Amino acid sequence: MTIRSILLHPDPRLKKRCDPVETIDDDMRVLIADMFETMYDAPGIGLAAPQVGILRRVIVMDCTKSDEEDSAPIAMINPEILSSSDEMNVHEEGCLSIPEEFNNVERPATVRVAYTDPEGMRQEIDCDGLLATCVQHEIDHLDGKLFIDYLGPVKRQMITGRMKKRKKEKAAARA
Ligand code: NI
């Protein structure tokens with residue numbers, strides 16, 4: 001397994017709508033394994049394929065809250081939200097592509113999600129709590145949407161400005 005580099009906002013690849021996965025082949029299995037490795041290394045609780053530069057509809061998540069709980073890795077291929085609750089929930093979100101930035105985002109409290117698992121089986125699950133927030137955040141990535149798109153324009157521009165500066169500093173440090 002390989003830790004892949006995570007694209008940082010702003011990057012045009014993070015704004016693209018990703019294509020569905022047609023076949024689950026060895027390349028796809030390697031991608032999923034690498035995405036888990038990359039997510040745990042970061043560390044984060046969710047990662048979408050476009051964040052590692054692959055514009056396909058694949059996400060991985062593990063919303064285990066503490067070390068005492070068993071880990072609960074979930075990989076979803078071509079996930080889609082079938083239904084959302086009217087009840088909303090506000091959760092502070094962050095993103096591995098927008099490090100050091102955290103903001104409250106309001107989303108439906110529960111969602112029903114259909115997806116194909118890495119074995120090629122179609123699955124449907126109800127998500128609530130942190131998993132509901134996480135799965136909606138990750139599916140948004142597949143449609144080129146970031147959590148900062150839910151914020152007002154002023155806040156979003158401030159974050160993007162800080163990210164541009166950080167990316168410049170990182171590039172300078174590498175040179
Ligand atoms: Ni994210």
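1. A residue is taken as buried under 20% relative accessible area, as exposed over 50%, and as partly exposed in between. The model is predicted, and on that scale Glu124, at 37% relative accessibility, counts as partly exposed, whereas Arg122, at 55%, counts as exposed.

2. Glu124 and Arg122 form a salt bridge in which the closest N and O atoms are 3.7 Å apart. Through salt bridges that share partners, Arg112, Arg122, Glu124 and Asp126 are joined into one network.

3. Asp126 is exposed, with a relative accessible area of 57%, while Arg112, at 28%, is partly exposed.

4. The structure holds 14 salt bridges, and one of them joins Arg57 to Asp143, with the closest N and O atoms 3.1 Å apart. This pair links distant parts of the chain, 86 residues apart, since Arg57 sits in the loop between β1 and β2 and Asp143 in the loop between α2 (129–142) and α3 (153–174). Arg57 counts as buried at 9% relative accessibility, and Asp143 as partly exposed at 33%.

5. Strand β2 (residues 58–61) is covered on both faces, with Val58 and Val60 buried on one side and Ile59 and Met61 buried on the other. Strand β2 runs antiparallel to β1 (residues 46–48), joined by 3 bridges, and Gly46 stands opposite Met61. Strand β2 also runs antiparallel to β3 (residues 74–84), joined by 4 bridges, and there Val60 stands opposite Ala75.

Conventions:
Residues are numbered from 1 along each chain as its sequence is written. This is a predicted model: local features need pLDDT of at least 70, side-chain atom pairs count only at pLDDT 80 or more; totals for chains, interfaces and linings use all residues. Side-chain values use heavy atoms; hydrogens and water are left out. Buried means under 20% relative accessible area, exposed over 50%, partly exposed in between (1.4 Å probe, protein chains only). Helices (H or I, at least four residues) and strands (E, at least two) are DSSP runs, numbered from the N terminus. Two strands pair if DSSP finds at least two bridges between them. A salt bridge is a side-chain nitrogen of Lys or Arg within 4 Å of a carboxyl oxygen of Asp or Glu.
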